[in-house]
Amino acid sequence: MNTKLDILEKLFAKANQQIPYKDITFTLGDKYVAAQCPDGNIGVCATLGTKVREQNSDEITFKSQNNRILANAYVNSVLNYRVKFDGTGDIFNAVEFRDFNNVVMIGYFGSLVEKLKSKGVSPYVFDIDQHEAPVLPMEVQAKYLSHADCIILTSTSISNNTFDGIVKATPEHCSIFMLGPSTPLDDLMFSIPKIKGLFGSIFPNNNTETLHLIAQGVGTRGFMHNMQKVFRLK
């Protein structure tokens, strides 16, 4: 069966049953969008250069990257605070990557690459932004995915709609770890058998500083002092 599974649509439907999309307040920035629930919980999604504009709930479609970014931030604001975490902190300390033979990283996480190399793990790195270094040419990504036993996957792959193709390009035994502030932490993510870990972030309730910083156009480093790294493992 080669049907396309859009996990974002499923997450959106689940979130909408709990707190309607129309009740969310959005903060739009150059690098991130933040969604805030009426209860004060905040979720974010990176824009990857997309100039995001708000959409009414009856206009949301999942073909538009603009809408997918909004939906991803919304999902995180609603669902990421309704699950039990397995721990806090960095993926490097939670997963033993030396147990894998072929580690592929989709989305360049520079500090993690350096930590992995310090332990003798040299991931094959790909990024849509080919100016990031060191990254391999995108045209060979499928070849490397087909031999990978571990993928460190940026969760912006959900909003930019590459997630499904990446998951399907990997072997059945491959372990995929989702990473970044855009990560949905809901159980629905684990309905995909290859997903073994979710590494995302939560924020203090009603944290206006984070919203202000995002509106000012800062990236992850600009607001990371306000976020707590959390993870779930399967």
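Seven strands form an open sheet in the order β4-β10-β9-β8-β7-β5-β6, and their pairing is mixed. The edge strands of this sheet are β4 and β6, each of which pairs on one side only. The model is predicted. A further open sheet is built from three strands in the order β1-β2-β3, with antiparallel pairing.

- Strand β4 (residues 87-88) pairs with strand β10 (residues 228-233) in the antiparallel sense, over two bridges.
- Within that pairing, Gly87 has Phe231 of β10 as its bridge partner.
- Strand β9 (residues 195-202) is joined to β10 by six bridges, and the two run antiparallel.
- The bridge partner of Gly197 in β10 is Leu233.
- Strands β7 and β8 run parallel and are joined by five bridges.
- Ile152 has its bridge partner, Phe177, in β8.

**Thr154 in strand β7**

- Thr154 is found in strand β7.
- Is Thr154 buried or exposed? Its relative accessible area is 12%, which is below the 20% limit, so Thr154 is buried.
- Neighbours within four places in sequence aside, Thr154 is in contact with Ile106, Gly107, Phe109, Met178 and Leu179.

- Helix α4 lies across β5, β6, β7 and β8, and runs at about 170° to β5.
- Which residues of α4 (residues 110-118) are buried? They are Leu112, Val113 and Leu116.
- Seen down the axis of α4, these buried residues fall within an arc of 105°, so they line one face of the helix.
- An α-helix has 3.6 residues a turn, so residues three or four places apart point the same way.
- The buried residues of α4 pack against α3 (91-94), β5 (103-106), β6 (124-126), β7 (150-154) and β8 (175-179).
- On the face of α4 turned away from the buried side are the exposed residues Ser111 and Ser118.

**The three-stranded sheet**

- In the open sheet β1-β2-β3, where pairing is antiparallel, the edge strands are β1 (25-28) and β3 (42-46), each pairing on one side only.
- From one strand to the next, the twist of this sheet averages 20°.
- Strand β2 (residues 32-36) pairs with β3 in the antiparallel sense over five bridges.
- Ala35 has Gly43 of β3 as its bridge partner.
- Helix α2 (residues 65-79) packs on this sheet and touches β1, β2 and β3. The direction of α2 makes about 150° with that of β3.

**Packing of helices α1 and α2**

- Two packed helices are described by the angle between their axes and the distance between the axes.
- Helix α1 (residues 7-18) packs with α2 at an angle of about 50°, and their axes are 9 Å apart.
- α1 and α2 are therefore oblique to each other.
- The crossing of α1 and α2 is left-handed.
- On the α1 side, the contact is made by Leu8, Leu11, Phe12, Lys14, Ala15, Asn16 and Gln18.
- On the α2 side, the contact is made by Arg68, Ala71, Asn72, Tyr74, Val75, Val78 and Leu79.

Technical notes. Residues are numbered from 1 along each chain as its sequence is written. This is a predicted model: local features need pLDDT of at least 70, side-chain atom pairs count only at pLDDT 80 or more; totals for chains, interfaces and linings use all residues. Side-chain values use heavy atoms; hydrogens and water are left out. Buried means under 20% relative accessible area, exposed over 50%, partly exposed in between (1.4 Å probe, protein chains only). Helices (H or I, at least four residues) and strands (E, at least two) are DSSP runs, numbered from the N terminus. The arc is that of the directions from the helix axis to the C-beta atoms. Contact means heavy atoms within 4.5 Å. Two strands pair if DSSP finds at least two bridges between them. Axes are lines fitted to C-alpha atoms, for helices over the stretch in contact, and angles run from 0 to 180 degrees between N-to-C directions. Angles under 35 degrees count as roughly parallel, over 145 as roughly antiparallel, 65 to 115 as roughly perpendicular and the rest as oblique. A crossing is left-handed if the near helix is turned anticlockwise from the far one by less than a right angle, and right-handed if clockwise.
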